[in-house]
Amino acid sequence: GNGMEAYLTLSTHFSAAHRLARPDLSFEENSEIYGKCARPNGHGHNYHLEVTVKGEIDPRTGMIADLGALQKAIDDYVVEPFDHTFLNKDIAYFEKVVPTAENIAVRIGQLLRSPVRELGAELHKIKLIESPNNSCEIFGADLDAADVARQQPSAVLAGV
Ligand SMILES: [Zn+2]
């Protein structure tokens, strides 16, 4: 179409606990990398999440995509599964991946990319604000590039 391209950001939040530690390292080694965040029983955050999608403004509706449907996708794929969990234990993905703000943002991007596409937009950016002191941004285009890298011969042979 000939619609003007625009970016739309939806904001939401969820509360979750995490512990930053690699299972293959000792407590001392983890403390060296992650500081207090490696303490054994975890701690919580009120995560603020901003999801930015990109698309053409539909001249008929004046929208990139159905706002309610986008909000529902974010609720269904991220907020509902993540809210009030201990990420390391309750979300299978984080049993092996340390749930830093970066890795949580990547996971949210992976979870939302297809649903956003089905709604006629492209996932542009995930911004995850973990605390007043830190936040992380990842971009949909980089997720695509990471996918291509994963699909090199070794991964293809493994049937990934
Ligand atoms: Zn933390």
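Visitor: Which helix is Pro81 found in?

Guide: Pro81 is found in helix H2, residues 67-82. Helices (H or I, at least four residues) and strands (E, at least two) are DSSP runs, numbered from the N terminus. This is a predicted model, where local features need pLDDT of at least 70 and side-chain atom pairs count only at pLDDT 80 or more, while totals for chains, interfaces and linings use all residues. Residues are numbered from 1 along each chain as its sequence is written, and side-chain values use heavy atoms, leaving out hydrogens and water.

Visitor: Is Pro81 buried, partly exposed or exposed?

Guide: Buried means under 20% relative accessible area, exposed over 50%, and partly exposed in between (1.4 Å probe, protein chains only). Pro81 counts as partly exposed because its relative accessibility is 32%.

Visitor: What is Pro81 in contact with, beyond its neighbours within four places in sequence?

Guide: Contact means heavy atoms within 4.5 Å. With those neighbours set aside, Pro81 is in contact with Asp75, Asp76 and Ile91. Pro81 and Ile91 are 10 residues apart in sequence, and their C-alpha atoms are 7.9 Å apart in space.

Visitor: How do I read a salt bridge, and which residue does Asp76 meet in one?

Guide: Side chains of opposite charge can pair when their charged atoms come close. A salt bridge here is a side-chain nitrogen of Lys or Arg within 4 Å of a carboxyl oxygen of Asp or Glu. Asp76 meets Lys72 this way, at 2.5 Å, N to O. Both lie in helix H2, four residues apart, about one turn of the helix.

Visitor: How many salt bridges does a search of the whole structure find?

Guide: The search finds seven. One of them joins the side chains of Asp144 and Arg113 (2.7 Å, N to O). That pair links distant parts of the chain, with Asp144 in helix H5 (residues 140-150) and Arg113 in helix H4 (residues 101-118), 31 residues apart. Arg113 is buried, because its relative accessible area is 13%.

Visitor: Now the strands: which way do S2 and S4 run?

Guide: Two strands pair if DSSP finds at least two bridges between them. S2 (residues 43-56) and S4 (residues 122-131) run antiparallel, joined by seven bridges. Val53 stands opposite Leu123 in S4.

Visitor: Last, which residues are the protein donors of the zinc ion?

Guide: Donors are N, O and S atoms within 2.8 Å of the metal (3.2 Å for Na, K and Ca); water is not among the atoms, so sites may look incomplete. Here the protein donors are His18 (NE2), His43 (NE2) and His45 (NE2), lying 2.0 Å from the zinc ion.
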